[in-house]
Amino acid sequence: MAEYVAPIREIRFVLDHIVDMAELVQLEPFQEVSEDIVQAVLEESGRFASEKLSPLYAVGDKQGSVLEGDGVRTPDGFKEAYQAFVENGWNGICGSLEFGGQGMPQVLGTAVQEMMGTANAAFSLCPILGQGAMEAIEAHGTGEQQKIYLEKLVSGEWTGTMNLTEPQAGSDVGALRTKAEEMPDGTYRISGQKIFISWGEHDMAENIIHLVLARLPGAPEGTKGISLFIVPKYLINEDGTLGERNDLRAVSLEHKMGIHASPTCVMSYGDNGNCVGYLIGGENQGMKSMFTMMNNARLNVGILGLCASERGWQMALDYAKERRQGRAIGATGEGKSPIIEHADVRRMLMTIKSTNEAVRAIIYLNALAIDLGRHHQDEETRRKYRGLADLLTPVSKAYGTDIGVENASLAVQVFGGMGYIEETGVAQVLRDARIHPIYEGTNGIQAMDLVGRKLAMDGGEHWRSLLGVISDFIAAIPEIGELARFRENLSRLTTDCLEAAEWLFTRQSQNMRDVAAGSVPFLRLVSMVTGGYLMAKAAVAAQAMLESGKGNGEEDFLRAKIATARFYGEQMLPTAFGLGDMITAGDSLFYAIEEDHMAL
């Protein structure tokens with residue numbers, strides 16, 4: 001299996017010419033984030049990912065994590081790699097300076113996360129969960145809780161988890177039964193079982209900080225009666241040292257399709273009646289606190305979708321260059337042709353490459369919006385960027401992970417029969433990727449979040465603003481020239497998206513079944529319009545650099561940028577032409593067949 005090569009030039013192009021970090025680095029918290037620092041971070045994190053994490057990718061898949069007694073043994077090399085990850089400061093790259101982090105922008109941390117996740121998706125899940133715990137405690141924890149937990153979480157010396165799911169409460173979190181009872185000293189005793197807890201137990205860090213949803217006695221039914229608790233694996237003494245082990249344990253590990261190195265635990269709390277927890281965020285405010293973690297996790301899982309696509313792309317491209325089979329149409333040399341010369345293989349590779357680049361641009365724009373929504377000096381500007389970030393989060397998560405699975409499958413197809421053989425390694429990419437559309441709220445839930453909540457925010461201001469920006473950009477693209485067809489297709493889809501959004505916005509007060517029925521195609525339509533806009537920006541930027549003579553020896557790379565963008569605009573965008581009609585068809589076909597006739 002070929003090792004991962006960090007696509008630093010691709011990432012830098014997105015940062016500099018598509019999402020444009022220039023406005024961000026003018027803000028006070030980031031004025032010292034120079035071009036040299038950005039380049040150094042990208043190069044060093046890319047080197048760490050390629051040299052330390054990628055060699056463990058197949059090892060983790062083959063060995064998996066193993067439950068032994070009260071602990072979990074991770075695959076060979078994982079513990080040492082994690083220690084190096086912590087010692088090199090990668091865990092705290094975006095962490096608050098106050099708690100020992102480096103205070104880098106989210107968008108730069110996103111680039112680092114992409115490289116780490118592409119090198120080793122199972123490994124990267126561990127620090128991803130820690131990041132969510134950091135954000136939740138920083139946003140909702142007391143000053144004392146922040147003092148106890150954040151420095152260790154930011155450094156990575158301690159890791160974090162989030163505990164939502166129970167056997168009877170999957171996406172329906174309000175059905176959970178885990179209990180919390182207050183003690184005279186202000187602590188709580190937690191009792192219950194959680195399932196599907198990623199990295200719930202392992203040997204890579206000295207403590208694990210579980211954030212656990214539970215219900216207090218007499219709490220309201222459903223999500224309104226849920227509270228959030230900090231439940232450490234080891235209790236912390238007053239001097240900050242680790243005390244006795246808490247009454248919690250992993251009772252089993254799930255046997256999964258992929259990400260074998262990531263221990264997915266069944267966690268049991270309070271078997272002996274003495275599991276100590278600490279309330280965070282107030283009674284019955286658990287969902288508000290947990291959603292801080294969830295939004296972080298949703299963007300990071302979207303990044304993992306991009307990671308699967310990038311890993312599949314690199315493996316498929318290498319194989320297609322080396323594998324010789326048949327004679328390509330128009331071949332002039334002797335002997336068999338590399339399969340990259342065959343039309344269908346080129347189509348698959350360009351599909352992977354173009355959608356991969358569109359997803360990367362969407363996710364980085366999302367991360368930039370988070371940064372500007374937090375740190376811009378103007379409150380109104382912060383509000384607008386927060387609205388954009390809220391709008392893009394379900395898009396990043398759902399489109400990113402859908403494309404990850406689709407492109408991993410295409411990568412297997414490029415390999416042909418050898419792709420179905422585990423020894424080539426590409427099957428692992430597909431197996432690992434398949435969980436991502438399910439993680440952190442299925443993609444159907446993301447679609448409902450988009451049409452049910454995000455469209456209505458601030459009276460529809462944010463989606464109208466985004467589509468307005470896209471429409472203005474399209475108008476500036478010449479109607480003739482090599483981007484003319486791209487412009488025509490993007491203009492058509494943007495009009496479809498505007499009309500569909502208005503229809504859904506209106507139907508929210510009339511028939512939510514219509515809205516639900518159109519949610520998934522609408523999310524894909526918004527994703528492709530946004531991706532098309534950002535790919536068009538890439539092409540326009542590359543054209544301008546070529547025409548001004550500022551290619552600086554990168555002319556072939558820039559011409560490839562234009563060609564890839566054109567493929568997305570001319571080949572991918574037309575696949576969405578029917579989505580507007582699907583959205584506005586309403587729910588009639590969904591409910592036309594009685595339930596007893598569905599079991600054919």
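Begin by selecting F13, L42, L213, Y364 and F522, which touch the most other members among the 150 residues of the largest nonpolar core. A nonpolar core here is a set of buried Ala, Val, Leu, Ile, Met, Phe, Trp, Tyr and Cys residues joined through side-chain atoms within 4.5 Å; buried means under 20% relative accessible area, exposed over 50%, and partly exposed in between (1.4 Å probe, protein chains only). Next, display helix α15 (residues 512-547), which supplies the largest share of this core, 16 residues. Helices (H or I, at least four residues) and strands (E, at least two) are DSSP runs numbered from the N terminus.

The model is predicted: local features need pLDDT of at least 70 and side-chain atom pairs count only at pLDDT 80 or more, whereas totals for chains, interfaces and linings use all residues. Residues are numbered from 1 along each chain as its sequence is written, and side-chain values use heavy atoms, with hydrogens and water left out.

Now centre on Y364. Leaving aside neighbours within four places in sequence, its contacts (heavy atoms within 4.5 Å) include I11, V14, L15, V107, T110, E114 and L306. A separate, second core of 24 residues can then be located through A320, V345, L410 and F415, which are among its members.

For the aromatic residues, select F48, F78, Y82, F85 and F123, which form one cluster. The whole structure contains 11 aromatic pairs; rings of Phe, Tyr and Trp (its six-membered ring) pair if their centres lie within 6.5 Å, and planes under 30 degrees apart count as stacked, over 60 as edge-to-face and the rest as tilted.

Return to F13, over whose ring sits the charged end of K561, 5.6 Å from the ring centre. The charged end of R492 likewise sits over the ring of F577, 3.7 Å from its centre. The criterion is NZ of Lys or CZ of Arg within 6 Å of the ring centre and within 35 degrees of the ring normal.

Proceed to N246, in the loop between β9 (242-245) and β10 (248-253). N246 is buried, with a relative accessible area of 4%. A polar atom of its side chain lies 3.0 Å from the backbone oxygen of P232.

Finally, select C94 and C307. C94 is partly exposed, at 33% relative accessible area, whereas C307 is buried, at 2%. The structure holds 0 disulfides.

Conventions
A polar contact is a pair of N or O atoms within 3.5 Å; within protein, one must be able to donate a hydrogen and the other to accept it, and residues adjacent in sequence count only if both atoms are side-chain atoms. A disulfide is a pair of cysteine sulfur atoms within 2.5 Å.
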